[in-house]
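Me: I want to learn to read helix faces, salt bridges and sheets from a model. Can we go through them on a case?

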Amino acid sequence: MREFINYDKSLEILNNINLSKPTTQKEFLINAIGSVIASDIVADHNSPEFPTSGMDGYAIKHEDQKNKTIKIIDKNPAGTVVESIVETGVCIKTFTGSLMPQGSDTLIPIENVEVNGDEITIIKEVPFGFATRAIGENYAKDEVLIKKGTVVGFAEVGVLASLNIVQIPVIVNPTVAIASTGSEILDLGEVQTNDAQIRSSNHLTIEALCKKAGANTLQMGIVEDDIDSITNLLETALDKSDVVITTGGVSVGDYDFVQDVIKDKLKAEVLFHGVTIKPGMHLLAAVKDGKIIIALPGFAYSSTVCAILYVLPLIYRFRNSNEKLPIVKARISQDFPRRMPKTIFTACNVEYTNNEYQVNFDGKKKGTSAILTNMLESPALLIQKDDSEDIKKGDFVDILLLNDLK
């Protein structure tokens, strides 16, 4: 008799797997987008290094504003170092990005003055230090600007460029091999020859999830339900990847051969086979020669939910990233009784209204775990733990935001 474990225990087991130490490589700055930075990025200088103008105007001594009229003695374009000094009664026309001239402490904007020949008349005063960027306003020398584990995005590229960093060390992404099993399923483009055949989406849905999470993917396609084909598939996939994901063949049917191959042919160490969750209770996880195998159910909704719950966190760990599944609190629009002693993940709609997430089930279809269309539009997964109470309308519940997955 197979022993089922609860959801929390299954996560604990996976999280305790010792992954191989991630390898790093140098990547050119713009090519590093989406990669995970392997070490802290520390500023080697102040930015700005000198007081700098934040807009076009006139560099003055703040106390000179009481005089109202000030003489213009020079111009200070960006990219130059003006030699003139601001003393009492004089100013220098200064442009955005220019160094503030020696002796000045405030910039008065062009729109706050009237120009009469070589003099300005102040029509609206400004506070001390106005429009003057202080030394280190952007960042200070020796400040950690980007922490290791950060995924490189547009802002990181901009900061790295400002530091004159051309290449950065990044984590080498894991490779995930993906395949669907089943003699009844067809790949894209295959011709249907009888009414019992169905079109597979699992292998491509899961590949999309893995790619978005930052993994390199090896698409193995569709494999028929026979022991030799599945054995060849798994042996090849294990040789070429860090993680192998299959869908189908892990339940209790006569043709569910994936579990047999993993246990009997490959002699893999089975971490668990069966979790008290819905959907996906026949999920199997195993380790073979340091490689991880996650065998998912065959129904589309089941395999997708389980891939989100188990595969994505695994990819985050391989990448040493700071990513987490986006689980938040939301207010529910109706009663939702506890149906069974399992952790249940139910598709719902989510919107952010009145400073809170709110969920409802409008238009969501009820039926088997094959209804992938329930994940369209603005979807989330309502999480009911196996020991939860009945949920009442207006309660706050845990949801997983599907459109916010990394």
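What follows takes the features one by one.

Reply: This is a predicted model: local features need pLDDT of at least 70, side-chain atom pairs count only at pLDDT 80 or more, and totals for chains, interfaces and linings use all residues. Residues are numbered from 1 along each chain as its sequence is written, and side-chain values use heavy atoms, with hydrogens and water left out.

Me: Which residues of helix α1 are buried?

Reply: Helices (H or I, at least four residues) and strands (E, at least two) are DSSP runs, numbered from the N terminus. Buried means under 20% relative accessible area, exposed over 50%, partly exposed in between (1.4 Å probe, protein chains only). In α1 (residues 7-15), Tyr7, Ser10 and Leu14 are buried. Down the axis of α1 the buried residues fall within an arc of 65°, so they line one face of the helix. The arc is taken from the directions from the helix axis to the C-beta atoms.

Me: What do the buried residues of α1 pack against?

Reply: Contact means heavy atoms within 4.5 Å. The partners include β18 (269-273), α6 (300-318) and β23 (343-353).

Me: How many salt bridges are there?

Reply: Side chains of opposite charge can pair when their charged atoms come close. The rule: a side-chain nitrogen of Lys or Arg within 4 Å of a carboxyl oxygen of Asp or Glu. The count is seven salt bridges. One of them joins Asp8 and Lys385, at 3.2 Å, N to O. Asp8 lies in α1 and Lys385 in the loop between β25 and β26 (396-401), so the pair ties together parts 377 residues apart in sequence. Asp8 is partly exposed, at 44% relative accessible area. Lys385 is partly exposed too, at 31%.

Me: What separates Lys9 and Glu12 in helix α1?

Reply: An α-helix has 3.6 residues a turn, so residues three or four places apart point the same way. Lys9 and Glu12 are three residues apart in α1, separated by about one helical turn. They form a salt bridge, with the closest N and O atoms 3.9 Å apart.

Me: In what order do the six strands of the open sheet run?

Reply: Two strands pair if DSSP finds at least two bridges between them. The order is β7-β4-β6-β5-β9-β8, with mixed pairing. The edge strands, β7 (106-109) and β8 (113-116), each pair on one side only. Four bridges join β8 to β9 (residues 119-122), and these strands run antiparallel. Asn116 stands opposite Glu119 in β9.
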